[in-house]
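Please work through the following exercises with the sequence and the structure at hand.

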Amino acid sequence: MLKVEDINVYYGNIQALKGVTLEINQGEIVTLIGANGAGKSTLLKTISGLLKPKNGQVLYEGKSIGGKQAQAIVKQGISHVPEGRRVFANMTVQENLELGAFLRKDKAGMKEDMERVYVLFPRLLERLKQQAGTLSGGEQQMLAMGRALMARPKLLLLDEPSMGLAPLLVKTIFRIIEEINATGTTILLVEQNANLALSIADRAYVVETGRIVLAGTAEELTSSEKVKMAYLGGH
Amino acid sequence: MELFQQLVNGISLGSIYALIALGYTMVYGIVKLINFAHGDVFMVGAFIGFYSITVLDLSFFPALLISMAACAVFGVIIERIAYKPLRNATRIAALITAIGVSLMIENGMIFIRGAQLEAYPTNLLPSENIDIFGVSIKSQSLLILGVSLVLMMILQIIVHKTKIGKAMRAVSYDAEAAKLMGINVNNTISATFAIGSALAGAAGVIFGTYYIKIEPLMGVLPGLKAFVAAVLGGIGIIPGAMVGGLLLGLIEALVSAAGFSLWRDAAAFVVLILILIFLPQGLFGKNKREKV
């Protein structure tokens with residue numbers, strides 16, 4: 001579904017991604033694990049068009065999308081839930097959800113998806129007329145995810161959905177991620193909580209200082225000594 | 001009674017400030033730029049209105065609409081040529097460019113048609129005196145106030161109910177997140193310039209109708225005062241610009257009424273100094289802390 005081939009991405013003169021290659025297949029949950037600043041968010045931003053790769057290719061359903069404008073990529077079915085949620089705090093929950101469907105014109109389908117978001121996140125229905133800035137962190141995460149789903153994405157990019165949330169809420173969010181995946185949405189998940197990410201993922205990549213250093217199925221990586229030492233807090 | 005008339009005059013003048021201030025505040029809200037050329041768009045609007053009336057023989061409302069449309073296009077051209085290439089430059093570079101654009105428009109206008117004054121025809125709008133509770137008010141003042149208020153209401157509807165309005169609010173809050181929604185940020189910024197400039201064009205025609213005299217440097221002082229009005233209300237906040245403009249007009253009228261009409265212009269800048277010292281976020285602004 002998505003193929004990233006040997007991309008290099010820079011912030012000014014600083015190289016953030018060094019020859020990264022990865023692949024995501026239809027229906028999978030793939031996770032990227034790695035320390036702060038390893039380049040995980042940079043990779044998501046490059047896929048969603050916020051950053052341009054200097055070279056290398058991003059292929060989505062066989063077509064090159066590397067370097068395209070973000071709005072064109074959303075239209076093709078990739079939605080990105082950014083780190084820190086980035087909801088529009090000055091607008092209501094409903095307006096945020098409507099903005100998620102900005103490019104769509106099929107009123108009936110939008111309504112259907114709105115209902116689906118309410119089923120996944122009943123909290124949002126209760127707070128529909130409330131300003132997004134008044135929501136709790138967990139509710140804002142739900143809103144950010146609901147907003148992304150309103151574009152009816154085929155591939156959902158999630159950046160640190162557990163950040164700053166209470167453990168119980170993290171569990172809820174991850175259960176919902178699995179539910180979203182079960183309805184046919186492919187997921188690329190960036191997560192610092194490697195234990196949790198590996199527990200729901202099919203496959204995983206380990207990112208270190210802009211490079212992919214390890215790849216495999218979730219089971220393989222969970223039992224890998226190197227991953228245990230560095231990311232799972234094992235001995 | 002004298003005071004009441006002064007207040008009505010103040011509100012009429014204030015509504016012109018408010019129309020100009022809206023453009024300042026909308027543009028600042030979305031690209032964080034004080035567009036110092038905005039007062040000159042107001043001047044260009046006044047001239048387009050003038051020529052529509054005198055050359056094309058149009059009445060007030062068609063002239064108003066033509067001026068608004070032409071200024072909208074003019075604003076977008078300014079944005080595309082002068083500001084868009086500086087989107088990622090330092091803010092001071094954009095600010096200096098804005099001052100340069102302002103000087104260019106003023107002197108360009110003088111180059112094209114000379115620096116002489118023109119006078120709007122005085123019979124554009126009915127100018128009877130209407131008696132309200134024994135106070136006589138010029139019907140023009142009321143019409144001008146009415147037109148300004150209608151334009152502001154239309155703006156509110158655009159900003160809150162339409163798709164482009166929602167895109168504008170989203171981009172001004174978080175441009176990167178707006179991109180992830182599929183919003184075209186460049187087009188949204190252009191639309192903001194178009195709407196702000198159209199309001200300035202309308203203000204120009206209204207100003208000419210009310211104050212008669214227009215000339216190529218007429219935008220300087222109202223432009224600066226509208227900037228004060230935008231800061232007074234809280235820069236970047238649309239209702240703030242409306243209230244700030246009306247309030248500034250009232251303050252000027254009261255200063256005049258108190259017998260200090262020569263100090264009227266200074267009053268606006270005293271307000272600016274006081275606001276910057278005591279309430280830098282403006283009347284409607286929240287003291288925002290950057291979230292990490």
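The model is predicted, so local features need pLDDT of at least 70 and side-chain atom pairs count only at pLDDT 80 or more, while totals for chains, interfaces and linings use all residues. Residues are numbered from 1 along each chain as its sequence is written, and chains are lettered from A and ligands numbered from 1 in the order in which they are written.

**Exercise 1. The sheet of chain A**

Task: Determine in which order the six strands of the open sheet of chain A stand, and which strands stand at its edges.

Solution. Step 1: Helices (H or I, at least four residues) and strands (E, at least two) are DSSP runs, numbered from the N terminus. Two strands pair if DSSP finds at least two bridges between them.

Step 1: The order in chain A is 6-7-8-3-9-10, with mixed pairing.

Step 2: Strand 6 (78–81) and strand 10 (211–217) of chain A each have a single partner strand, so one side of each has no neighbour in the sheet; these are the edges.

Step 3: Within the sheet, strand 3 (residues 29–33) and strand 8 (residues 186–190) of chain A pair in the parallel sense over four bridges. Thr31(A) has Leu189(A) as its bridge partner in strand 8 of chain A.

**Exercise 2. Two packed helices of chain B**

Task: Describe how helix 9 and helix 10 of chain B pack.

Solution. Step 1: Two packed helices are described by the angle between their axes and the distance between the axes. Axes are lines fitted to C-alpha atoms, for helices over the stretch in contact, and angles run from 0 to 180 degrees between N-to-C directions.

Step 1: For helix 9 (residues 220–233) and helix 10 (residues 238–257) of chain B, the angle is about 120 degrees and the axes are 7 Å apart.

Step 2: Helix 9 of chain B is therefore oblique to helix 10 of chain B (under 35 degrees is roughly parallel, over 145 roughly antiparallel, 65 to 115 roughly perpendicular and the rest oblique).
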